[in-house]
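Reader: I have a structure open and want to go through a few points. Can you take them one at a time?

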Amino acid sequence: MQNPIEIERLESVDTEEPQAGRRSVLVGAGLMAGAMVARGAAAATFDSAPATVNGGAMPKPPSDRTAGEIRKGRGSALDGKVAVVTGGARGIGRAIALEYAANGADVVVIDIAGFVSPASDAAPATPEDLAETVRQIEAFGRRGEAIKADIRRIDQLRAAADRIDRDYGKIDIVVADAAIQRWKPLLEMADSDWNDVIDNNVNGTANTIRAFAPKMVPRGKGRLIVLSSMQGKHGTKDGSSYSASKWAIIGLMKSAALELGKYNITVNAVIPGLVDTPLTRYEKRLTESFAEQGHPPPEHPTPQQAWDERKPTVPMQVGWLQPEDIAPVAVFLASDAAAMVTGAEYEVTGGDSAKDI
Ligand SMILES: NC(=O)c1ccc[n+]([C@@H]2O[C@H](COP(=O)([O-])OP(=O)(O)OC[C@H]3O[C@@H](n4cnc5c(N)ncnc54)[C@H](O)[C@@H]3O)[C@@H](O)[C@H]2O)c1
């Protein structure tokens, strides 16, 4: 049994007794909490200062402009929401799609599922990859669907947005994940090494926002999440087109947040550090792990050598992260709890971001 403690009972605490001003009483420790429960959690306050200044009450936001009352799971529950994820055939896009399904959302994945450009260093995703994502969404008991489309084609994205909006009745969440990467020194690059990366990553991400945001405006609610990169936070030697594209995506995200806030649409960026996906599984990326430390790389480094090189430099002591390490932040940003989070960058890097401003 708890010892009684002496507290000052304040006038603002409702009791059966008539208010008798400020006085000291002996009560159990649970009294204050009990009074709050009796009034409902929404009435809970988190400070002891009076809610008036100069005789005026503190204004409260409308219910759609606050994360609302604290309740279990509000930062992760996506029950009944409809999400669209570009680049969902594999890698981080697939992880986000599955994490959304695991938390209750129906998910439509959009991917080219094929060749993108000679300026992509990664092996192309396949229709089988895309179908596998849908299979795994359905394994979580949610509705899953694949649409084969190219984010460079805004007509294709608009057609997809029309159909999803019609078939599902709404679009709550859109994740613009699809991108390509190129490693080429500026002095050696072909025109396509610059143009295709900028076109695909910057124009493709802008197309995604421009095609899907109009479906959210009439409903007065939406969540847009774009994928940038730590390479969009600092320069990347021999990776300028990718770095520039990911830096541009941060500018796009912040501009969209400024424009769309009045429609109750939030726009945020997830910023992964190095993650093991097909985007990064080739020799040049392994070699970069040594170059980043200013060390000469072995002639053909193995993945283990690259892991061992990077691991001591990452605060969480991994050579790189896994796609499923990135996905939980995208759930939070899509959740009701993130109602007032917009124009923000969320870094998931295992601690690499502690080295950058
Ligand atoms: N892997 C990393 O280390 C890392 C780090 C930081 C940021 N990112 C970012 O995360 C996102 C996902 O990367 P990933 O590592 O999962 O890559 P990935 O190559 O495994 O997956 C990217 C997907 O996007 C699709 N795609 C590319 N261009 C497309 C287009 N024009 N139209 C439709 N689909 C297209 C591909 O087919 C592929 O399925 C990208 O935006 C990437 O820049 C990745």
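Reader: Starting with N264: how many C-beta neighbours does N264 have inside 10 Å, and what does N264 count as?

Author: This is a predicted model. N264 has 18 C-beta neighbours inside 10 Å, so N264 counts as partly exposed.

Reader: Where does N264 sit, then?

Author: In the loop between α6 (240-260) and β10 (265-272). The phi of N264 is near 65 degrees, which is a positive value in a residue other than glycine.

Reader: What about A113, buried or exposed?

Author: A113 is buried, because 23 other C-beta atoms lie within 10 Å, and the cut-off for buried is 20 or more. The phi of A113 is positive too, near 45 degrees, and A113 is a residue other than glycine.

Reader: And which loop is A113 in?

Author: The loop between β6 (106-111) and α3.

Reader: Switching to the ligand. How many residues surround the ligand, and which are the closest?

Author: There are 31 residues around the ligand, and the closest are G87, G91, A179, T277 and L279.

Reader: What classes make up that shell?

Author: The shell around the ligand has 17 nonpolar residues, 9 polar and 5 charged.

Reader: Which helices supply at least two residues each?

Author: α2 (91-102) and α5 (191-216) do. The largest share of the shell comes from α2, with 3 residues.

Reader: Staying with α2, at what angle do α2 and α3 pack?

Author: Helix α3 covers residues 127-139, and α2 packs with α3 at about 20 degrees, with the axes 8 Å apart. That makes α2 roughly parallel to α3, because angles under 35 degrees count as roughly parallel.

Reader: Is the crossing of α2 and α3 left-handed or right-handed?

Author: Right-handed, for the crossing of α2 and α3.

Reader: Which residues meet there?

Author: From α2, R94, A97, L98 and A101; from α3, T133, Q136 and I137. The residues of this contact divide into 4 nonpolar, 2 polar and 1 charged.

Reader: Now the whole chain. How many helices and strands does the protein have?

Author: The secondary structure comes to 9 helices and 11 strands. Of the 357 residues in the protein, 40% are buried.

Reader: Last one: what share of the contacts with a separation of 6 or more is between residues 24 or more positions apart?

Author: Residues 24 or more positions apart account for 70% of those contacts in the protein.

Methods
Residues are numbered from 1 along each chain as its sequence is written. This is a predicted model: local features need pLDDT of at least 70, side-chain atom pairs count only at pLDDT 80 or more; totals for chains, interfaces and linings use all residues. A residue is near a molecule or strand if its C-beta atom, placed from the backbone, lies within 6 Å of it. Helices (H or I, at least four residues) and strands (E, at least two) are DSSP runs, numbered from the N terminus. Ala, Val, Leu, Ile, Met, Phe, Trp, Tyr, Cys and Pro count as nonpolar, Asp, Glu, Lys and Arg as charged, and the others, Gly among them, as polar. Axes are lines fitted to C-alpha atoms, for helices over the stretch in contact, and angles run from 0 to 180 degrees between N-to-C directions. Angles under 35 degrees count as roughly parallel, over 145 as roughly antiparallel, 65 to 115 as roughly perpendicular and the rest as oblique. A crossing is left-handed if the near helix is turned anticlockwise from the far one by less than a right angle, and right-handed if clockwise. Two residues are in contact if their C-beta atoms, placed from the backbone, lie within 7 Å. A residue is buried if 20 or more other C-beta atoms lie within 10 Å of its own, exposed if 12 or fewer, and partly exposed in between; C-beta atoms are placed from the backbone.
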